Amino acid sequence: MTLVKKITLGMEKRYWLCTATSPLFMLGEVIMETSIPLVMARLVDIGIKNSDSGYVIRHGLLMILMASFSLFCGSMCGRISSIAAFGFSKNLRQKLFSKVLSFSFSDMDKFGTDTLVTRLTSDVTNLQNMYQNIIRTAVRSPVMLVFGTIMAFSINSKLALIFFIVIPVLAAILIAIVICVYPRFQAMLKKYDMLNRVVQENLIAIRVVKSFVRGEHENAKFDQIADDLQKTQMGAEKIVILNLPVMHLMIYACLTSALWFGGNMVITSRMLPGQLISFLSYITQILMSLMMLSRLFVMFILSRTSLSRIMEVLSLGDSQKIQNKEGKAFPYASSKESATLSPKVETLISPSVEEACSSVPDIEFSHVTFSYDGRLEHAVLTDINLLIPKGSTVGILGGTGSSKSTLVHLIPALYEATQGSVLVGGKDVRDWDLTALRQKIGFVLQKNVLFSGTIAENLRWGNENASDEDLIEACRAADADSFISSFPSGYQTDLSQGGINLSGGQKQRLCIARALVKKPEIMILDDSTSAVDSATERRIRTALRTCLPATTKIIIAQRIASVQDADFIVVLEGGKINGKGTHNELMKNNTIYREVYESQMSEN
């Protein structure tokens with residue numbers, strides 16, 4: 001019941017109404033179909049036998065009316081069940097997509113884009129088909145089986161014993177098919193994930209593929225995966241298709257037996273010809289209902305695999321510590337509020353700088369250790385103690401793989417600290433409403449991501465209610481207004497998917513402007529000026545100091561020149577803080593910082 005509730009929660013009332021109404025129409029169709037053979041038997045045994053044309057016409061018209069009503073009920077059931085099934089799939093896709101958007105980075109690491117696409121498309125379609133069959137075939141087949149069997153026994157109970165031989169055989173075959181096919185369908189869907197991954201990688205990186213002349217290699221890789229998928233599909237289908245010939249064999253065996261034994265009964269006057277014709281109709285109805293049930297079971301096998309994959313997504317996060325705490329305000333409610341700093345946390349800046357900033361601790365890392373898989377022996381950050389006061393500018397330097405990006409990802413709770421705590425405004429980020437927290441943070445990721453649409457639409461991701469003046473102001477601060485104004489359509493210029501019609505530096509500046517449109521209280525720049533020249537970078541830094549004087553700015557950079565004027569700089573090495581202080585202090589006391597500075601100066 002909990003499972004059904006989870007995947008159908010929020011489905012519109014009209015779809016629930018269609019779900020409830022569809023079986024009623026199906027019931028009307030089945031009643032008519034099982035009643036028609038009885039009317040036909042009377043027409044033959046009474047009307048035709050006695051040459052009563054009036055009786056034949058009356059019962060013939062009755063059969064036409066019953067068939068017409070059965071057709072109406074079947075058509076309505078088909079239409080309504082389709083509406084219900086499409087509504088179900090729409091609701092399920094919305095829930096899945098909403099769940100994916102709520103994932104933290106660690107959640108995303110557990111899945112891949114390829115498998116999430118398969119689950120949102122193929123797996124949901126499998127469940128949609130299953131849902132339609134449940135409210136249609138799962139009602140029709142059992143009711144037809146019961147009604148047909150009752151009618152067959154009412155005509156001739158001895159002849160109906162044929163079913164007691166056929167049904168157990170069919171049940172045994174069906175169980176064997178279910179046992180053999182389920183693991184093969186699981187493997188097939190995993191192959192679909194691999195196929196999606198290769199397709200996505202090549203579509204996204206098509207320029208790289210062409211520039212490295214790797215088209216033939218990627219074609220060969222795709223062919224191999226497609227062949228593996230085909231073999232897996234055939235391995236599953238060659239078992240499933242046994243269902244159809246076995247069912248036909250049983251149907252023809254029953255018909256042959258009924259004709260043989262029933263014909264002898266007719267000859268010996270123990271059965272009327274019309275009853276035999278009616279009995280044969282019920283054999284067909286009963287066995288066809290069994291065939292539909294067997295197909296439903298096969299579909300259930302495939303849907304069961306898809307259901308388990310979908311539930312993995314919907315259930316993720318139910319036991320996580322980080323949850324969205326509704327109704328809690330962001331900590332910057334008042335400048336008068338104070339927060340107590342843990343005595344174990346070391347102050348990283350000089351007293352003069354601390355006085356220039358707010359006296360309230362803004363961001364605090366208290367003995368933070370982080371591992372992507374939760375195992376401390378695989379920690380990428382170890383015992384981080386760091387205090388960043390509100391309004392200060394902090395630079396973070398370190399070699400490749402020193403976990404600079406991971407460190408700042410903990411601030412908006414994109415990842416959760418394995419040990420220790422990350423505090424904003426004196427409270428653990430796990431205790432704040434995540435939406436409110438992230439709305440106060442402007443984040444420019446290392447990888448610049450833009451969406452298809454106009455430049456203005458992309459900028460309003462930061463604030464959908466931003467005016468044109470707000471956009472221009474943010475773009476001027478990010479040194480992006482000049483190149484945007486050079487486009488014929490200006491801010492209404494359409495961007496291709498991923499912003500591929502812009503240069504790397506232009507994309508970086510747009511991403512910075514998008515973050516500035518939020519007017520954030522915390523600004524995180526994750527190596528976000530690597531694609532712009534030094535003069536442009538200086539103009540951006542100057543504009544950030546001028547436009548956001550009270551904003552806490554955290555800058556990850558490879559170039560010391562990018563953070564040289566920061567209030568203090570943190571040097572990371574191997575996931576640990578190797579040094580901290582101002583530029584001058586680090587030049588005196590930190591070997592790594594001094595070597596990097598001298599290396600970069602000699603290159604210039």
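**Entry 1: Leu459 and the cores**

I began at Leu459, which touches Leu471, Cys475, Tyr491, Leu510, Ala513, Arg514 and Val517 once residues up to four places away in sequence are set aside. I note here that I am working with a predicted model.

Then I asked which residues have the most contacts inside the largest nonpolar core. They are Leu459, Ile484, Tyr491, Leu510, Ile512 and Leu516, in a core of 41 residues. I listed the elements that each supply at least two residues of this core: helices H15 (455-459), H16 (468-477), H17 (481-485), H18 (504-517), H19 and H21 (591-603), with strands S9 (522-526) and S11 (568-573). The largest share, seven residues, comes from H18. I also found a second, separate core of 30 residues, and Ile396, Val424, Phe568 and Val570 are among its members. A reminder to myself: nonpolar side chains tend to be buried together in soluble globular proteins.

**Entry 2: Val424**

I picked Val424 from that second core and placed it in strand S4, residues 419-424. Is Val424 buried or exposed? Val424 has a relative accessible area of 0%, so I wrote it down as buried. I also checked Val424 against Ile363: the two are 61 residues apart in sequence, yet their C-alpha atoms are 4.6 Å apart in space.

**Entry 3: Ala477**

Next I went to Ala477, which sits in helix H16. Ala477 counts as buried because its relative accessibility is 5%, and the cut-off for buried is under 20%. Which residues does Ala477 contact, leaving aside neighbours within four places in sequence? I found Leu516, Ile540, Ala543 and Cys547. I had met Leu516 already, among the residues with the most contacts inside the largest core. I also noted the C-alpha separation between Ala477 and Arg509, which is 9.3 Å for residues 32 apart along the chain.

**Entry 4: cysteines**

How many disulfides does the structure hold? I wrote down zero. I looked at two cysteines while I was there. Cys254 is buried, at 1% relative accessibility, and Cys475 is buried too, at 0%. Cys475 is also one of the residues that Leu459 touches.

**Entry 5: cavities**

I turned to empty space inside the model. Rolling a probe the size of a water molecule over the atoms shows where such space is left. The search of the whole structure finds three cavities of 30 Å³ or more, and the largest cavity holds about 60 Å³ of space. Its lining is made of Leu525, Ser528, Thr529, Glu537, Ile540, Arg541, Leu544, Ile555, Ile556 and Ser562. Helix H19 (534-547) and strand S10 (552-556) are the elements that give two or more residues to this lining. H19 gives the largest share, four residues. By type, I count five nonpolar, three polar and two charged residues in the lining.

I followed Ser562 from the lining list and found it in the loop between S10 and S11. Ser562 counts as buried, with 5% relative accessibility. Beyond four places in sequence, Ser562 is in contact with Thr529, Glu537, Arg541, Ile555 and Ala557.

**Entry 6: two serines with positive phi**

Most residues other than glycine have a negative phi. With that in mind I stopped at Ser269, whose phi is positive at about 65 degrees although it is not a glycine. Where does Ser269 lie? I placed Ser269 in the loop between helices H10 (243-267) and H11 (273-315). Ser269 has a relative accessible area of 65%, so I marked it as exposed.

Ser403 was my next stop, with a positive phi of about 75 degrees, and it is not a glycine either. I found Ser403 in the loop between strand S3 (393-398) and helix H13 (404-409). Ser403 counts as buried, at 11% relative accessibility.

**Entry 7: the whole chain**

I finished with the overall tallies. The protein chain has 21 helices and twelve strands. Of its 604 residues, 48% count as buried. Among contacts between residues at least 6 apart in sequence, 76% join residues at least 24 apart.

Key. Residues are numbered from 1 along each chain as its sequence is written. This is a predicted model: local features need pLDDT of at least 70, side-chain atom pairs count only at pLDDT 80 or more; totals for chains, interfaces and linings use all residues. Side-chain values use heavy atoms; hydrogens and water are left out. A disulfide is a pair of cysteine sulfur atoms within 2.5 Å. Buried means under 20% relative accessible area, exposed over 50%, partly exposed in between (1.4 Å probe, protein chains only). On a 1 Å grid over the protein atoms alone, a cavity is a set of points where a 1.4 Å probe fits but cannot get out, and a pocket is an open set with protein on both sides within 12 Å along at least five of seven lines; lining residues have an atom within 4 Å of a point. Grid points are joined across faces, edges and corners, and a volume is the space filled by probe spheres set on the points. Ala, Val, Leu, Ile, Met, Phe, Trp, Tyr, Cys and Pro count as nonpolar, Asp, Glu, Lys and Arg as charged, and the others, Gly among them, as polar. A nonpolar core is a set of buried Ala, Val, Leu, Ile, Met, Phe, Trp, Tyr and Cys residues joined through side-chain atoms within 4.5 Å. Contact means heavy atoms within 4.5 Å.
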